Every structure is written in C-alpha cells, then in structure tokens.
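Welcome, and please take a moment with the sequence and the model. This briefing looks at a helix pair and a sheet.

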Amino acid sequence: MDEFDEQSAHTEETLRDDRDRGTDEDASAEAVQRADLRRSRHAVLGGGVRPEVARFASQLAQAISDAPGGLVRSSGREPHELPDAAPRAVEYVHDEVPAGAPQLAEAVTDPRPMQVVGAGAASSGFAGAPAAEPLEVPAVFAEPVFAEPGSDPELTDPVGSFPRILPALREAALGTSTLPPGTLDGFGPGGVEVVPLPSAPAVVCDDSNRIVRVNQAFLRLADRRTDDPVHGPLGMRVNQLVAGPDADARLVRPDHSLVRVRVVRWDLPGALRAVLFIELEQPQGDAGTAADRRWTAELERIARVGTWTFDLTTATLSRTETLDELYRSVGVAADTDRGPVEGDQVALLCRGLRSGARTQDHHVEMRLSGDRVLSCRAGIERSADGTPVRLVGMVRDVSAQRVAEGRVQHSGQRFLDLMATVPAGVGLLDASGRLVDANPALCALLDSPLERLRGVSALDLTAEPEASPDGLPRWLRRIAPGSQHGYRIDALALLRADGTRVWCEVGVTASMADDGGVFWLIVCTDVGEQRRAAELLRSAATTDELTRLPNRAAALELLDTLLAGPGRHRVALVCGDLDDFARVNSSLGHEAGDDMLVALAARLQRELPFGCTAARLSADEFVVICADHAEAGGPDALARTVADMLRTTVTVHGRPVHLTASVGLATPKPHEDVTASDLLRYAEAAMQDVKRNDRGGVGIACEGVVATATRQLELEAELRAAISGDGLLLEYQPVVGPDGVVHSAEALVRWPHPERGLIPPGEFLPVAQRGGLLRELDLWVLRTATREAAGWTTPSGRGVAVAVNLAGLLPSEPDFLAHVNAAVAGAGLMWDQLVLELVETSMVALPRHALDAMAELVNRGVRFAVDDFGTGYSSLARLKELPAQTVKVDRSFVTGVAEDPADFAVARAVVDLAHAMGRSTVAEGVETAEQFHVLRGLGVDAYQGWLFARPLRADAMRRVLLAERLPTPATAIGA
C-alpha cells in the first residue's frame with residue numbers, strides 16, 4: 001500500500017470514528033465526504049478516464065464550488081437560494097433563457113462521474129452531459145490481468161469509477177495467482193481460496209469495504225453477474241448495495257427493487273471482512289412484487305406522476321418508466337440542456353448536506369409552452385440512524401390543476417370586479433354574524449372604510465337591534481344555502497358611522513365557503529328616497545294639497561275608526577258647503593278663491609271644539625268630524641257652530657267678501673249598522689236639501705231627507721242606463737220671427753221613465769250634474785238632434801236649424817271640435833243648420849284652443865248663441881268678447897218686462913248692446929201678447945215660448961215646418 005492508500009485508509013478510519021461519535025449533521029455529510037475521498041483516490045491512481053467524463057466531473061465540481069451564497073445556476077432558469085429550513089418554490093420558465101447562461105451540465109452535485117439509469121435502460125450521461133460513447137468493457141473478471149512489479153497496475157474499471165486492485169489481492173480474491181509471501185499469512189495453506197463461505201449469500205470485502213469475492217447464492221439474491229461492467233458486484237462497496245441497519249437492511253438490485261435482508265459481518269485475517277446476507281420475509285404492504293409495481297406504474301400514469309431517485313453512494317440517477325413517458329408527453333427532452341430540473345435539485349440538496357443544513361426537500365415548477373406545468377419535488381431519504389441514503393423526487397403534471405386554479409382565480413376576480421361595480425351595497429357575514437368583506441358601495445352606504453367595518457357584528461350595524469337567542473339580530477335568520485332559500489326585508493334601518501340611520505331594502509341568502517362553512521350574503525339598497533317619496537304620496541293621498549287639511553279619504557278612514565269604537569253613538573258629522581262660491585272664482589279669480597279657502601281652513605283648525613277634526617271634501621265643501629258631540633254641547637250646537645264659522649266675511653286681495661254656507665248634520669242611530677260613507681251621504685243629503693230650500697241654514701239628516709237622497713242615487717243609476725240605452729227622447733220648441741216664420745228649433749231632452757212616467761228636466765238634470773253625466777247627456781242630445789234635423793226642410797226648400805244646449809261638452813275640452821265634426825258628418829246635416837247654445841259662465845275666459853275651435857266651426861256655418869245672458873256675474877262688456885252670433889234674453893227678464901221697469905231696462909240694455917255689436921237677439925219664455933209687443937218694440941229679432949208653440953215631438957215638428965210659419969200676435973192684428 002503506497003502513501004496515498006495509507007492516507008485514504010486513515011481518512012476512512014477517521015470518518016468511521018467521526019460517525020460513531022459525531023452528530024446527525026456529521027452523519028448527513030458522510031456520503032458526500034466519501035465521494036470526495038473516492039474522487040481524490042481516483043485522481044491519484046489515474047487510469048483510462050474518457051475526456052468527456054473528466055470534463056463532466058470538472059464542470060460538476062465547478063458548479064458546486066462556484067455557486068456563491070448557496071446559489072446554483074441552471075440553464076434557462078433564474079438562480080435560487082437553498083433555504084435553511086423549508087425550501088422556497090421557484091418557477092422555471094424554459095422559454096426565458098438568459099443570454100450566456102451556463103449549460104445544465106454545469107449544475108451538478110458531485111464531481112465524480114454520475115450514471116443516469118432509466119427504467120429498463122443502460123447507463124446514460126446525466127442531463128446536459130455529452131452523449132456517452134459505447135463502452136468497450138474488457139473482460140477484467142473473466143481473464144484477469146496482473147500488474148508487473150514496479151509497473152503501473154491496470155485499471156479493472158473501464159470507466160474509472162472502481163479503485164485499482166493490487167495483483168496479490170486480486171489473485172487472492174479470484175484464486176488465479178499466488179500471493180506474495182506474507183500477504184495472506186493469516187489464511188494458512190491455499191490463500192484466500194481456503195476462506196470458507198457459507199451456502200447462504202455472502203461476500204468478502206477488503207479494508208475499504210470493497211467486494212473482492214462473492215458466492216453464487218449472493219449473485220442470485222442480488223440479481224447480479226460478475227461479468228457485468230456496470231452492475232457487477234466486484235469492486236463495489238457493500239454500502240452501495242445495502243441500505244439501512246444490519247438487523248433490517250435492504251439489498252438493492254440493479255432494477256432498484258429491494259430485498260429485505262439481515263447483514264452479518266465478521267473480520268478475516270489480512271484486513272479482509274466477510275459479509276453474510278440472510279433474506280428475511282417481506283413485511284405486509286412492503287412486498288415489491290411485479291404486480292404491485294405494475295399497479296403502481298398504472299396509477300402513476302393515471303395521475304400523470306413520475307419519480308426518480310439519486311443514490312448518494314453510487315451517484316446514480318434513475319427515472320421510472322412513467323416519468324420518461326410523462327416527459328415525452330409534455331415535450332421535455334430528458335437528457336438535454338433544456339431538460340428537467342433534477343440536476344438542479346440534486347445539486348441544491350447535496351450542497352445543503354455538505355454544509356450541514358437541515359434540508360428536507362425542494363420544490364420548483366417548470367412552466368412549459370402551451371400552459372404546461374410540471375411540479376418537481378425532491379427530498380432526502382435517510383436510514384434509521386439519520387444517515388442520508390438517497391435523494392428521491394416526484395414529478396407531477398399539474399397543468400389541469402393550474403388551469404383550474406387560474407379559472408377560479410379569474411372567476412374570483414370577476415366576482416370582485418362585479419361587486420365593485422354593483423351600485424347596491426354587498427357584504428359577507430360569517431357564521432357568527434360578523435362582517436368579513438364588503439364592496440365599496442356598502443362602505444359608502446355606511447360611511448365607513450372597509451378596515452373599520454371588518455369584524456363588526458350585524459347586531460351593531462342595526463339601528464334598532466333585537467337579538468335572538470343565538471346572538472344574531474332578528475332579521476338575520478339561519479337558512480339553508482342556496483338562493484331559493486333567501487328572503488327579502490323591505491325596510492331595515494342600519495347605522496352609519498356618524499350614528500345616523502339609513503333605510504335599506506335588504507336581500508339575504510346563504511352560501512357555502514371554501515372550507516365548507518356557511519356564510520351570509522346580504523345586498524343592501526338605499527330606499528331612503530323611496531320612503532320619503534312614498535311618505536309624500538301617502539300624505540298626498542290623505543291630505544288636501546291646498547289647505548293641508550285631511551282629504552275625503554282620510555276623513556272616511558277616521559270616521560270608520562270612530563264608528564267601530566265603543567263611543568260610536570256619540571259621533572257626529574257636519575257637512576258644510578259654501579253658497580255661490582263660484583262667483584268668487586269668476587269675479588275675483590281662482591287665486592282669490594284659493595286664498596279664501598285657506599283662510600276658512602285655518603279658522604276651522606283654530607276654533608273648532610276639542611275632539612273635532614276638520615277636513616276638505618271638494619272645492620268648497622268641508623266636513624267636521626266630532627268624536628264626542630257631548631263635549632261640543634250636542635249635535636245641534638255643533639252644527640250651528642260650524643255654520644257660524646263658515647258664515648263670515650273674509651278680506652281677499654283687499655276686498656271684503658261675505659260668505660254663507662249650507663250645513664247638514666248626521667248622527668248614527670243607536671241600533672243602525674252605518675258606515676262612514678253612509679253617514680257622509682246622509683249629511684250631504686241634508687246639506688243639499690237645505691241648500692235648495694233655505695240657503696245658509698242648517699239641515700238635519702232625517703228619514704225623509706235620506707230617502708230623497710237615496711231616490712236620487714237610484715235615479716242617477718237609472719239615468720246612466722237610459723243614456724247608454726237610448727231611453728231618452730227629444731222635443732223641439734220652435735224659434736219664430738215677428739211674422740211667425742220658423743227660424744230654428746231648440747232641442748229639449750225628456751226622460752220617459754218606464755215606472756215613474758215622464759220625468760221633467762228640472763228633476764233629472766241636477767241628478768246628471770251631481771253624477772257627472774252632463775257630458776254624456778250632451779253627446780247623446782247632439783248626435784240625436786243632428787240626425788233628426790237632417791231632414792228638416794220647408795216647402796220652399798229653406799233649411800231650418802236645430803239648436804243644442806251644451807252644459808257638459810264645452811269648447812274648452814280638447815276633443816270638442818272632434819265630437820261636433822263626428823256628429824254633423826254622421827247625420828249628414830248642413831253646417832248652417834246647427835246652433836250651439838252655451839251659458840254665459842261657460843264662455844268666460846276661454847283658452848286659445850277653444851276660441852280657435854269655435855272660429856273654425858263659425859267659418860263652416862255653425863252659429864253660437866249665449867243662453868241666459870244677464871244671469872251671470874260678468875259685466876255686459878263681456879258680450880263683445882264672446883265668440884257668439886246670437887244673444888238669448890233670459891226668461892227671468894222676459895217675465896216682468898211688461899210690468900217691471902227693472903226687467904224692462906235690463907232687456908232693453910241687452911238688446912241694444914247686442915245690436916250695437918252686430919249680434920241678433922232671441923227672447924225666450926214669451927208667454928203673453930204683452931210681452932211679445934214690448935219685446936218687439938225693443939227690437940228683439942226672434943221669439944221662443946208657449947205663446948207660439950209648446951215643445952213638439954219630431955213628427956209634430958216636421959208638420960209645423962210644412963206650414964213654414966206659426967201665428968203670432970203681430971199676424972193676428974195684421975202688423
């Protein structure tokens with residue numbers, strides 16, 4: 001043994017001593033230190049080392065020694081640092097290779113040659129190393145070559161990985177040479193051949209633990225051959241073949257399968273050692289059968305997983321078949337400079353072992369083209385005493401997982417973006433009811449940043465908290481996950497940061513969290529403006545806009561409440577209507593009328609007795625509801641008090657206006673089940689009755705008054721049916737000149753009731769007015785009159801006009817012109833045969849479109865007549881503004897024109913003014929010859945009345961027209 005061998009032996013003995021008494025860190029670094037020892041020995045002994053192997057070893061050593069600060073550089077990857085404890089996951093992107101980056105062959109862990117053994121394949125160069133040339137393996141063991149004394153002994157390892165074996169030892173091991181004298185004196189005669197080996201698997205190794213002799217049983221157990229240049233046992237160390245403690249070790253076969261053995265060692269003379277391997281039974285679940293391996297490989301293929309191992313003793317990297325298949329499927333060339341990262345991981349873990357760091361594992365992800373991602377994880381496998389045995393790695397295709405994670409991440413981001421743009425406030429509450437997240441809208445709604453809102457309980461956010469037994473607010477209920485189980489709260493008051501309230505409509509649903517727990521999702525919409533608008537609508541629905549008194553609806557509601565209470569027999573209702581209030585609007589204007597109503601409402605509110613409530617029913621109609629009329633002095637006293645309040649003088653626009661009101665009183669009978677509507681109807685009936693008979697008085701609802709009101713109500717319904725069913729008829733009263741020539745005839749409506757007979761207009765027209773039937777009645781009269789008058793002619797061929805009195809269909813209505821056009825066109829009447837009579841008050845202050853409609857009809861030939869002129873409240877100067885061609889002198893002036901100087905003066909003024917303005921005049925209600933002569937003297941143009949003819953049916957009117965004229969007092973005297 002030369003100087004180097006002695007030094008090596010001493011070094012190994014030192015290593016063994018250090019291991020026996022050293023720490024776990026020393027044991028962890030032993031494998032790497034032994035590799036350094038082998039590398040040094042090989043460098044001294046020399047041998048036929050191929051240039052590419054030597055270059056690869058040099059680059060490997062350079063990569064380890066030159067990596068500053070624990071950094072290992074690899075081709076196409078950023079440097080990464082080996083952490084002290086758990087390694088950091090580093091992503092490698094093959095598509096981003098820095099310029100001038102070193103090749104992968106530089107990133108290795110051990111300068112000695114490394115063998116890469118694939119599944120079922122021969123050895124190959126490590127990833128990034130030049131492709132190995134075919135090895136020429138000499139028959140070292142089949143035909144030993146002995147070194148001559150003094151010459152350099154030959155290498156028995158063709159790749160330079162085995163130590164040199166001295167000829168004496170080789171002859172002793174192989175039994176083909178005589179050892180020098182004294183070399184194996186301890187064996188006695190026969191040398192090493194005489195060393196007895198048992199029939200069980202056994203080997204003989206030298207003092208460096210290298211195998212020098214084996215028996216056939218061992219070869220069978222280890223599945224090895226002595227002529228195998230790669231996996232042959234001769235020259236290998238025992239710890240390259242055995243892992244684990246001697247009592248329960250694992251014998252490694254070339255295919256990396258393990259055999260459970262017990263190792264027995266004993267020393268032999270000549271610094272040799274015998275090692276016996278006793279095969280043990282495989283533990284349950286640890287049997288590496290072929291079937292198990294096949295199932296494992298199949299499961300790995302399904303899971304797209306592959307594994308590799310790196311033996312620290314032999315520096316051999318092995319990949320499973322499934323790993324090679326995985327690499328091929330993703331387009332990774334395993335043995336190129338852009339191949340996998342196994343070399344990087346081996347280098348990192350080995351350097352950590354060398355430095356004594358407690359390195360456990362290392363994980364990186366390779367990102368390939370086409371969204372392919374490989375998860376590469378490597379770790380250290382140790383023996384029972386903590387000594388590192390090998391490095392193991394697992395490569396898994398996580399492309400689908402990363403795509404799914406990306407989709408989940410994008411979906412989550414889309415959800416966050418959506419929540420950020422939703423105008424409603426959205427919040428997440430955990431199972432305990434605390435806010436864990438909120439969108440900006442909810443933060444703005446509660447006027448608080450998200451940092452302050454997180455962790456706040458729903459109970460603290462509620463303006464009127466009412467906790468349930470589980471500590472949650474009452475409005476937050478535990479429900480099953482899913483939108484179908486959600487619920488909505490129309491209005492919930494939440495607290496803002498400044499303590500004010502915000503009313504929200506809240507939608508609540510439950511959902512599942514990632515950990516399987518349940519959380520609430522709440523959506524809050526600010527409904528404060530809606531509530532305010534609804535309050536205004538409710539106020540408008542129950543409050544009179546002008547006087548701010550309760551309106552009809554509110555009055556009926558209050559009255560119903562009182563009538564349903566225990567004091568219903570003490571309730572009283574007073575209804576008051578202002579007399580002739582229309583004259584205030586027509587003379588002073590509607591603004592003045594409104595001011596007067598406001599003043600009256602204020603007086604009622606101030607001066608009514610306690611327990612009385614005033615309300616406005618319509619334009620000039622008020623009611624007073626008294627909860628207990630005894631406190632007001634009784635119902636009669638209450639009615640007189642209300643009448644006195646409404647009978648007053650009010651100054652409007654600087655002018656005093658005296659007002660009176662007709663008042664009706666109604667109280668419920670003790671045993672009568674009366675409603676608010678019934679009681680109001682009774683009071684209004686009493687008020688209307690007194691208004692007809694005694695304006696300014698007080699009427700009490702009695703059975704007669706109520707019966708009359710009931711009959712009028714029934715009459716209204718029957719009149720409505722008569723209009724729609726053509727149950728009415730027209731009579732015509734001729735309008736004649738002084739000579740008796742018939743100029744026109746006024747249509748007068750009659751109602752032949754099937755049960756009551758002919759009802760006069762004075763009875764059913766007020767019913768039509770109160771029931772809002774005047775417009776429908778006017779339309780019926782217009783259509784019927786134009787149709788019946790279309791055939792009116794005299795023997796001379798002169799057409800006779802028909803006059804229709806309009807009270808509900810007025811020119812101010814938008815569809816007035818359309819209705820007149822339809823009636824005339826439908827009847828075929830000539831335009832100049834139609835006269836439309838309007839009362840004076842309906843022609844006051846007509847809007848522009850009404851004047852235009854009347855002008856258009858006048859241009860077509862229609863004439864307008866002012867009916868009952870002089871009975872209104874406008875001055876006579878109004879006549880010149882009225883778009884009318886005829887003025888009718890009202891019968892109230894005609895009746896006394898022959899006896900009453902006042903009636904005579906008014907009649908003369910009207911006639912003179914009409915003539916001065918180019919209007920013709922008609923006197924209606926002429927019944928005596930004296931009236932006729934006086935009116936004729938005043939210059940009246942035409943006359944209408946019973947003096948000439950009573951109202952005639954249509955057929956009778958046609959017979960009158962055949963005579964062309966009627967007798968008059970003037971014709972009787974021949975004037």
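How many bridges join β23 to strand β24, and do they run parallel or antiparallel? Five bridges join them, and the two strands run antiparallel. This is a predicted model, in which local features need pLDDT of at least 70, side-chain atom pairs count only at pLDDT 80 or more, and totals for chains, interfaces and linings use all residues. Residues are numbered from 1 along each chain as its sequence is written, and side-chain values use heavy atoms, with hydrogens and water left out.

**The sheet**

- Strands here are DSSP runs of E with at least two residues, and helices are runs of H or I with at least four, numbered from the N terminus.
- Five strands make an open sheet with mixed pairing, in the order β23-β24-β22-β27-β28; two strands pair if DSSP finds at least two bridges between them.
- At the edges lie β23 (612–616) and β28 (698–700), each pairing on one side only.
- From one strand to the next, the twist averages 20°.
- A615 has V623 in β24 as its bridge partner.
- Helix α19 (residues 676–693) packs on the sheet and touches β22, β24, β27 and β28, contact meaning heavy atoms within 4.5 Å.
- The direction of α19 makes about 140° with that of β27 (661–666); angles run from 0 to 180 degrees between N-to-C directions, and axes are lines fitted to C-alpha atoms, for helices over the stretch in contact.

**The helix pair**

- The axes of α17 (residues 590–607) and α18 (residues 635–646) come within 10 Å and cross at roughly 140°.
- L600, R603, L604 and E607 in α17 meet D644, M645 and L646 in α18.
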